[in-house]
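Please walk me through this protein model in plain terms.

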Amino acid sequence: MCGIIGYTGNKPAKDIILSGLSRLEYRGYDSSGMAIYNNGSYPKILKSAGKISELADLISESNLEGTTGIGHTRWATHGPPTKDNAHPHQDCSEEISIVHNGIVENFKELKTDLENKGHTFESDTDTECIPHLIEQYLKDGDDFLESVRKTAKALQGANAILAVHKNNPDTIVAFRLGYAGGLVIGNANEEMLIASDLPAITPYTNNVTYIEPGEIAAINATSASFYSIDGKSISKKFVITPRNQIDSGKGRYRHYMLKEINQQPESIMQTLSGRVSFNNLTIDLPELSDFNADKINRVVIIGMGTSLHAAMVARYWIESFAKIPTEIDNSSEFRYRDPLVDDKTLIVSICQSGETADTLAAMELARNKGAQQITLCNYENTQSTRIADYSMQIKAGPEIAVAASKTFTCSLVLLYLLAIELGVKLNRLTTKEIQNKISELSKLPDLIGQILYDPNQYDELAKSLSHYHNFLFLGRGINHPIAMEGALKLKEISYIHAEGYPAGEMKHGPISLIDENMPVVAIAPSSDLYEKMESNINECKARGAPILSVVTEGNDTISNISDHCIYLPESSHELSPILNSLPLQLLSYHIAVTRGCDVDQPRNLAKSVTVE
């Protein structure tokens, strides 16, 4: 859940490290630091609690010369976000510096053993045992690379580490254990970079390779060597990665989140591009051209957070279009039981970052049980795409804000296409049905554009609602997951307690909480379930709750029982979850802004959850 970067080359390392950390800040931002090495002298370390801007201020006042360095931006797992707990961490001799992403599960045992051998610790972190362990192996007579390798063997848990030694200041040694986020190396013409994620290095090069779990790399300015954790030399190739996987900035928007919300029409078109012919009303998913659905008798969709809500919507589509039993499961629960999965089960994983630890572990479990797997991911060549049999790129473009917006709706669009494809492969949809579904899909970018056209109503809603401390979101059927997603968005970025419920569940407990201090957001598009939703709204209104209804244009009666209404353009009921997501994103955004919250980087959260 942290961001790490290393650079070795012929340019001032501090500038490149700082730039990379800024691009990795979405992964963690409660403290940061860097170590710069220069011509065999002791490294210069700068660390700061707080965001990257705090570190940048320190750097501007310091003389940091050197062409090799490592940096870190932290999301705390062990110890509070203080300067002492910030990375890099060092050994007793202060010759070794390391940055770390992950959790050392056996750090207490390692720390006790090292303290018994005379090592002293300065922080509360699990990380600090790593440089001391490397130091101990050096004392035992091993060289630096071998000491790092033995350290990797001694650690338990999912971890990614960069390490540098004073006596070999032009070389960075890195290793990766388990699914503690990725490590990507970029070769930039007598310069080498290594980082947690592509955006940190693609300004300098798009010639990259990846470190897989259980691999070690040693890089200098002109070369990279790779080894297994057992010390065997391995061969890896660098490949060109598209430069459009970096982001160009906020542009005219105040926050990345608002920019990304407004990018959704374009992003959805990109998701559809190359997969749908609106001229012929046909679908072609080249990623699944070799997929044989005939022997599949069940689908299980897994994900976490927003991805799990997308999975819940997809269950409706797949069962409706493909007529195949479909379940959804939380990845963190799926991985720790013995699920009934075999070679007749199709696992569909949704993992926009491609590195969510629980989802990767669930995918590994499913692979070991022989299941076929399709994964949805927003980036190429991530760990999830390497585990799955088939990969479908979401193509939402870079999403910098921690709270998902366009990756959610683009995931829904791609899942809608997958449901149609399964219906085609299993001969459950007629040609006319396919054409009707694609015809409705063709209207989606324009409908979303209409919703985004006038944001002023959300400013007014935020002024009316931002002072409340609890919200209830209600939906039915295919829009029940959207109620849950709306509640998640509000709590993520505005720090307001919110719950999403199926409206039919209201009288089984939640109704006891409803009064004039709990606004109810009701998702009530025109559908067969509308009258039931209207009944639920009346029940909430009778108990004094302020009502915000999200309804279809032309509904002339809902205003009689609602304090506020958001009207959306008419669409097919099947696609209504996508449209209904937009006003809830905007509502959460404007409430968070009104409350003065950090919208792009909400407290205690990170974009990629790479540890349990």
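Helix H8 (residues 306-322) and helix H12 (residues 406-425) have axes that come within 9 Å and cross at roughly 25 degrees. Axes here are lines fitted to C-alpha atoms, for helices over the stretch in contact, and angles run from 0 to 180 degrees between N-to-C directions. That angle makes H8 roughly parallel to H12; angles under 35 degrees count as roughly parallel, over 145 as roughly antiparallel, 65 to 115 as roughly perpendicular and the rest as oblique. Contact means heavy atoms within 4.5 Å. By class, the contact of H8 with H12 has 14 nonpolar, three polar and no charged residues. Ala, Val, Leu, Ile, Met, Phe, Trp, Tyr, Cys and Pro count as nonpolar, Asp, Glu, Lys and Arg as charged, and the others, Gly among them, as polar.

The model is predicted: local features need pLDDT of at least 70, side-chain atom pairs count only at pLDDT 80 or more, and totals for chains, interfaces and linings use all residues. Residues are numbered from 1 along each chain as its sequence is written, and side-chain values use heavy atoms, with hydrogens and water left out. Helices (H or I, at least four residues) and strands (E, at least two) are DSSP runs, numbered from the N terminus.

A second pair is helix H15 (residues 456-465) and helix H18 (residues 576-594), whose axes come within 8 Å and cross at roughly 60 degrees. H15 and H18 are therefore oblique to each other. Their contact includes Tyr-458, Leu-461 and Leu-465 of H15, with Leu-586, Leu-587 and Ile-591 among the residues of H18. By class, this contact has eight nonpolar, two polar and one charged residues.

Which residues of helix H3 (residues 107-116) are buried? They are Phe-107, Leu-110 and Leu-114, where buried means under 20% relative accessible area, exposed over 50% and partly exposed in between (1.4 Å probe, protein chains only). Seen down the axis of H3, these residues fall within an arc of 65 degrees, so they line one face of the helix. The arc is that of the directions from the helix axis to the C-beta atoms. An α-helix has 3.6 residues a turn, so residues three or four places apart point the same way. The buried residues of H3 pack against helix H4 (129-139) and helix H5 (144-154). Lys-108, Glu-109 and Asn-116, on the other side of H3, are exposed.

The loop between strand E9 (184-187) and strand E10 (192-195) holds Glu-191, and also Asn-189. Glu-191 counts as buried, at 9% relative accessibility, whereas Asn-189 is exposed, with a relative accessible area of 68%. Leaving aside neighbours within four places in sequence, Glu-191 is in contact with residues including Tyr-7, Lys-11 and Ala-221.

Backbone angles come last. Most residues other than glycine have a negative phi, and most peptide bonds are trans. Asn-189 has a positive phi, near 65 degrees. The peptide bond from His-87 to Pro-88 is cis, with omega near 5 degrees.
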